[in-house]
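Please open the model in your viewer and keep the selection panel at hand.

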Number of protein chains: 2
Amino acid sequence: MTKLSAHPAAPAHGAVPDPLRLAASARSAGVWLPRTTEVHHWLATVGQHARAQVERVPLAELDGWLRDPATGNIAHRSGGFFTVEGLDVTIPRAPVPHWEQPIINQPEVGLLGIVVKEFDGVLHCLMQAKLEPGNCNGIQLSPTVQATRSNYTRVHRGRPVPYLEHFQDPARRSRILADVRQSEQGSWFHHKRNRNMVVEVEEDIDVHDGFCWLSLGQLHELLTVDNLINMDTRTVLSCLPFAHAGLAAVAAPGADPFRRALVASCAPDGYSRHSLGDLLSWITDVRTRTEVRTEMVPLDGLRSWRRTDERISHEDGGFFDVIGVRVRTRGREVAEWTQPMIEPHAKGVVAFLVRPIEGVLHVLVHARVEPGYVDIVELAPTVQCTPDSYERLPARARPLFLDEVLPARADRVRFDAELSEEGGRFYHARNRYLVAETDLAAGFDHPDFRWVTLAQLVELLRHSHYVNIQARSLVACLYGLATAPPRR
Amino acid sequence: MTKLSAHPAAPAHGAVPDPLRLAASARSAGVWLPRTTEVHHWLATVGQHARAQVERVPLAELDGWLRDPATGNIAHRSGGFFTVEGLDVTIPRAPVPHWEQPIINQPEVGLLGIVVKEFDGVLHCLMQAKLEPGNCNGIQLSPTVQATRSNYTRVHRGRPVPYLEHFQDPARRSRILADVRQSEQGSWFHHKRNRNMVVEVEEDIDVHDGFCWLSLGQLHELLTVDNLINMDTRTVLSCLPFAHAGLAAVAAPGADPFRRALVASCAPDGYSRHSLGDLLSWITDVRTRTEVRTEMVPLDGLRSWRRTDERISHEDGGFFDVIGVRVRTRGREVAEWTQPMIEPHAKGVVAFLVRPIEGVLHVLVHARVEPGYVDIVELAPTVQCTPDSYERLPARARPLFLDEVLPARADRVRFDAELSEEGGRFYHARNRYLVAETDLAAGFDHPDFRWVTLAQLVELLRHSHYVNIQARSLVACLYGLATAPPRR
């Protein structure tokens, strides 16, 4: 049993605390494009005006990207954006204790920001239909602002980033609903972090082409559509303070015991299998006992990777390739560019196993090591892997629970959609995201796993580096399940 | 106005939450050596049995420490302990935007642990009278266990560390009161962190020579004695969950408005000038906008530093030296050894300016950059500096508020003692620690300073890297002021 903090719930408008205002938005069909078909129609229309032609080009033919003669590292001529370098990883007690890999080095902190505003008393998010070269389907829904530091310091000499001023100038923000730096893929990025912000404004705002106000209810519904809500939107949504004891009254509990347990899981004062203090102590323990040594090394020195003019690939043909693409767009800051990208070889699986304990839904989190994390381990989904990769690795490396998740019965799967990872760096990187009920015992005891409530994850998400990017996507999906209105 | 979390307050023994049990211990004179004179007598007795002879030796004559021929870096032959290397620091918008310095590199996470146990219903801490070569006075009071990773993996082949098993074996801990990794001096250490733990046990425990059970009240009283409670004890004490709305009933409020405001500052549900959410957003903002570039460089390549066989010194004669010492002891793990140490040139000043706002005491924290921090800035005391150093730096580098703290009137100074920094690495490093009342406006507005309550600091101290080591010392002192019984 534990008590968590109430979130800073001082209401801006009357007496309604933020979590309840967010839940009300999650119950709303939205006032701008209230029918789902209208949103899809709008997206299709934007898509006709903002087309991209993305073609693969050999790494050796990237314009503006230089191959360092000494190391083979790939960097942009401006010094901006990111570099592709080599990483040597040693994790002495892991099933695979040593490997080398290419990694994207982008140490600057970018900004992922959503502007929210009340219409008819309901919070709406200003979303952008954004084309990214790595998207398998062209356009996906992104936050209001998605800017690298290079973007907003204009290293690439493009146009200014619209709406950025709402995140830079405190006088223009009426209030901040979320503001926290969070990590991204620690397998592909070295120490990458973005600032996740949600800012509420009261002033009138011009809606530029390609932007649209959507309620949280609409975003949550669109999360169930394959490859539509982009990764950056999902992480920002996960940082919203959804935990509140009053959520049961606002969310639609329905008759479904799963939904009741899920809403109960959002109550900070409710039951939890472990106290927050015990969870923090467990995280401290894992981070202290896990030894990870990483060293940036020359990209050309990776012994298991083969580099051609075309691409960089693992000698076994597994994991991912570093490829080059040329992009020609309309409706984006720059009309044409080339860049390196990471192209995974297969789809991944990202899943939370969940079960009620004492009537409160708990999710099974995994304290996971990724070499690019700033702080050794973060809490990850129960399963997060690319099943194909394990055909090349020793059997003891096969993830726990993968064989429970893959054949889960339809009636136990509460969420199931294919979602894309960041389309600015990853080429057609897609994962199947699942939330599945399990019969695993409440007393399941493993040094790297713990049962936690949604309210505990919400509390941890106020701080950096506790919950990884894949788990944050699933948290956003769980908010959607907790607050969804009856199906339209 | 804000609400903070209640700490995990599930009581182990009956219905009393931990913060109130801690406050009761802080009100107790202790059952083992209940008079202060007895403690001093015990310390003097231990001191007679555990003497050290510490003599300076030239760096070139250190046994077992090697000077890398290529870099000049100093490392132990075993590969353990720590190294002394060079650091190149660039902080573009700081008053001093670039410098180089020697720095101690000790990336392993050590353990600072206090065992606590109830006697006559009152929590007591098992403290060690510990000799460290850098202590100006030989013995100071340290936590039960103070172990580097080298210590407890026995790199130095010494004796096993007593009581370590209580922090390693979960079955032997009855409960964990604190468990969090915290940083140490970011000006002298590169990415140094220690795990701060407080573990309550129920079993009987043998008290070895040089150990003693003391109540928190005794420790708090001894904090007011110059150079007696060592740095490691202070940081562990600061991580105890002292915030609780019920503290007003347990602590002695007295008639003093300062004491009443201080106790009110420990209430998580009380008034605060900024919500915790706003403070977290401010920290996110400072960490995002502050650019710090550090690079480990060869110790022999530092242009402003001069190396002789004897020592390494700054060319201006300021800041600190790297020196060598030879230690001969009785009553310690190893009887004789040599090591490099950092010797600061002058005493420092570490001060919180405090004032009540709406009847609740607030302390003015400074978001401070130090090059060795893991995450750019941490919350530091209002003033933290070595005044002598500023004679060598441009006037614009002079710390804000230093000229308010130094001449503070005695009746406004609530705490004033000289305390030592870590005696295992720093030679005679002493700071004057102060808590002083100020008339500075509650509306004081500066991008790098904020008024915070003690309850907010307690909440932040559950997590790593928010509150720096000097501020943690002052937090321990403030706990003492908040809960002190009438003077004996």
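Begin by selecting His314(A), which, once its neighbours within four places in sequence are set aside, is in contact (heavy atoms within 4.5 Å) with Ser304(A), Trp305(A), Phe319(A) and Phe320(A). This is a predicted model, in which local features need pLDDT of at least 70 and side-chain atom pairs count only at pLDDT 80 or more, whereas totals for chains, interfaces and linings use all residues. Residues are numbered from 1 along each chain as its sequence is written, chains are lettered from A and ligands numbered from 1 in the order in which they are written, and side-chain values use heavy atoms, with hydrogens and water left out.

His314(A) belongs to strand S16 (residues 312-314) of chain A; strands (E, at least two residues) and helices (H or I, at least four) are DSSP runs, numbered from the N terminus. With a relative accessible area of 12%, His314(A) is buried, where buried means under 20% relative accessible area, exposed over 50% and partly exposed in between, with a 1.4 Å probe and protein chains only.

Next, select Trp188(A), Phe189(A), Trp305(A), Phe320(A) and Phe426(A), which together form one aromatic cluster. Rings of Phe, Tyr and Trp (its six-membered ring) pair if their centres lie within 6.5 Å, and planes under 30 degrees apart count as stacked, over 60 as edge-to-face and the rest as tilted.

Over all chains, a search of the whole structure finds 26 aromatic pairs. One of them to display is the tilted pair of Trp65(A) and Phe82(A), at 5.0 Å centre to centre and 45° between the planes. Trp65(A) lies in strand S2 (residues 65-67) of chain A and Phe82(A) in the loop between strand S3 (74-76) and strand S4 (83-90), so the pair ties together parts 17 residues apart in sequence. Both Trp65(A) and Phe82(A) are buried.

Now move to chain B and select Tyr163(B) with Phe211(B), whose ring centres are 4.9 Å apart and whose planes stand at 70°, so the pair is edge-to-face. Tyr163(B) is in the loop between helix H3 (149-152) and helix H4 (165-168) of chain B, and Phe211(B), 48 residues away, is in strand S13 (residues 211-215). Tyr163(B) counts as buried at 3% relative accessibility, and Phe211(B) is buried at 7%.

Finally, return to chain A for helix H5 (residues 216-223), which is mostly covered, with 7 of its 8 residues buried, including Leu216(A) and His220(A).
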